[in-house]
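Trainee: I'd like to learn how to read a model like this one, feature by feature. Could you walk me through it?

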Number of protein chains: 2
Amino acid sequence: MKKCIIASTSTIHGSGYLEYILNDLANLFSNTNEVLFIPYAKPNGISHDEYTQIAQQAFQKINIALKGIHSFADPIKAIKDAKGIFTGGGNTFLLVSQLYKNDLLTVLKEVIEAGTPYLGTSAGSNICGLDMKTTNDMPIIYPPGFKTIGILPFNINPHYLDPDPTSTHKGETRETRIKEFHTLNSQPVIGLREGSWLELSNNDILLKGALSARVFEQHKKPYEVPSGSSFANLN
Amino acid sequence: MKKCIIASTSTIHGSGYLEYILNDLANLFSNTNEVLFIPYAKPNGISHDEYTQIAQQAFQKINIALKGIHSFADPIKAIKDAKGIFTGGGNTFLLVSQLYKNDLLTVLKEVIEAGTPYLGTSAGSNICGLDMKTTNDMPIIYPPGFKTIGILPFNINPHYLDPDPTSTHKGETRETRIKEFHTLNSQPVIGLREGSWLELSNNDILLKGALSARVFEQHKKPYEVPSGSSFANLN
């Protein structure tokens with residue numbers, strides 16, 4: 001029985017790291033007071049230790065201790081033993097490269113499916129999809145593959161941004177990029193705006209947070225779904 | 001003797017496809033009235049034929065016929081025989097995948113170095129760098145590698161966008177992404193704003209267009225260089 005929060009972002013405008021979602025995290029991790037942190041995505045290139053400290057500061061507000069996976073001699077065992085897991089955001093290419101390198105993708109999927117509570121934000125959410133082909137990140141490292149853990153039967157696009165009708169910029173909009181994705185790939189993509197998250201529990205997948213999400217299915221016009229909707233049948 | 005225009009974008013705001021740069025293209029391709037078009041990047045998922053037609057409409061204004069590489073039985077020979085080459089923008093992952101698949105990276109580098117005039121826009125410019133690790137595009141397909149032709153001794157970031165100080169968005173800025181790139185990679189990156197291009201001729205690399213460019217070197221603070229500057233010694 002999966003129990004996950006898969007969030008668009010760790011931080012929303014005008015609020016501290018994870019602050020907007022702390023109550024839900026206290027509930028997600030109510031079974032434990034120690035969570036394993038996966039800092040591999042290294043936002044802004046900070047060190048694993050620095051990143052773990054930032055995350056720890058947020059988690060101590062709900063009386064949970066974080067331990068970085070980089071401090072374990074055997075990261076596979078660390079995942080198997082964890083009572084809760086949090087993968088932070090940053091660069092998805094780097095995160096996925098490290099997960100492949102340490103052979104952690106399969107075990108991560110296994111423990112989440114067996115019920116270990118899991119929190120992902122941004123890059124840590126991307127890896128819950130079928131593959132990382134809808135990340136926004138720059139390909140700063142060549143990973144051994146783009147396949148990810150597939151806890152969700154679709155992909156997400158975190159930090160989803162609507163096209164700006166006043167923009168003079170000619171780079172592709174997010175919608176155009178996802179349209180290009182669907183010329184080669186068939187799975188749906190949920191454009192998850194900042195402040196939105198997916199809650200997996202009781203075999204359901206619910207959209208949470210104040211905003212609607214934008215859903216992209218191959219050969220269909222993109223459409224909006226309101227907060228509270230279920231994505232259990234989207235695949 | 002290389003002769004290239006490596007442009008940030010095909011199109012600037014308020015102007016038609018390639019319109020802002022047509023005079024320079026007439027000069028670049030003054031040796032020929034037929035140019036080979038590489039449409040593999042397929043912007044917005046359009047077909048190779050559709051894309052070739054769009055590019056053809058711009059080139060006919062300077063009396064040049066375009067022929068899409070997809071219409072040749074032997075694309076390697078098409079590149080060897082071409083009197084001029086244009087690689088259009090779209091998705092860099094798709095473009096690079098197709099170049100690998102058709103074994104075109106080496107021959108493309110060879111003919112450009114031997115003097116075949118080359119135009120790249122956006123994705124078609126990305127491939128002129130040492131690798132494609134500073135593209136903005138979504139990784140919609142897994143290419144056999146990220147290494148590209150390396151006509152330039154550095155990378156470029158096309159459609160470069162300055163951070164917006166009024167933004168409430170928490171996704172990474174372009175500058176942050178390039179900073180993350182430099183935690184793992186040492187080559188310089190030129191942030192090439194829309195309307196800017198690099199002109200390669202007489203063994204020099206000059207910044208052209210009205211705007212300055214932003215240069216990112218590893219372990220240095222990013223800095224601006226004015227139009228007209230040479231990048232011949234940047235590596």
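Trainee: Which polar contact joins the side chains of B:Glu194 and B:His159, and what counts as one?

Mentor: A polar contact is a pair of N or O atoms within 3.5 Å; within protein, one must be able to donate a hydrogen and the other to accept it, and residues adjacent in sequence count only if both atoms are side-chain atoms. Here the side chains of B:Glu194 and B:His159 come together at 2.7 Å. The side chain of B:Glu194 also has a polar atom 3.1 Å from the backbone nitrogen of A:Gly171.

Mentor: Some ground rules before we go on. This is a predicted model, where local features need pLDDT of at least 70, side-chain atom pairs count only at pLDDT 80 or more, and totals for chains, interfaces and linings use all residues. Residues are numbered from 1 along each chain as its sequence is written, chains are lettered from A and ligands numbered from 1 in the order in which they are written, and side-chain values use heavy atoms, with hydrogens and water left out.

Trainee: Where does B:Glu194 sit, and is it buried or exposed?

Mentor: Buried means under 20% relative accessible area, exposed over 50%, partly exposed in between (1.4 Å probe, protein chains only). B:Glu194 has 15%, so it is buried. Its place is the loop between strand 7 (189-191) and strand 8 (197-201) of chain B; helices (H or I, at least four residues) and strands (E, at least two) are DSSP runs, numbered from the N terminus. Contact means heavy atoms within 4.5 Å, and leaving aside neighbours within four places in sequence, B:Glu194 has contacts including A:Thr168, A:His169, A:Lys170, B:Ser8 and B:Leu211. The C-alpha atoms of B:Glu194 and B:Ile12 are 6.4 Å apart, although 182 residues separate them along the chain.

Trainee: How much area do chain A and chain B bury between them?

Mentor: The size of an interface is often given as the accessible area lost when the parts come together. Buried area is that loss (1.4 Å probe), summed over both parts. For chain A and chain B it's about 3800 Å², with 60% on carbon and sulfur atoms. On the chain A side, A:Met138, A:Ile140 and A:Tyr142 lose the most, together 20% of what that side buries.

Trainee: How many salt bridges are there between chain A and chain B?

Mentor: A salt bridge is a side-chain nitrogen of Lys or Arg within 4 Å of a carboxyl oxygen of Asp or Glu. The count here is 2. B:Asp137 forms a salt bridge with A:Arg177, with the closest N and O atoms 3.3 Å apart. Helix 7 of chain A gives the most to the side of chain A that touches chain B, with 7 residues.

Trainee: What about helix 4 of chain B: how many of its residues are buried?

Mentor: 8 of its 10 residues (92-101) are buried, so helix 4 of chain B is largely enclosed by the rest of the structure. Those buried residues pack against helix 4 of chain A, together with strand 2 (34-38), strand 4 (85-87), helix 5 (105-113) and helix 6 (123-126) of chain B. At the start of helix 4 of chain B, a side-chain oxygen of B:Asn91 reaches to within 2.9 Å of the backbone nitrogen of B:Phe93. After helix 4 of chain B comes B:Asp103, with a positive phi near 60 degrees.

Technical notes:
Buried area is the accessible area (1.4 Å probe) that two parts lose on being put together, summed over both.
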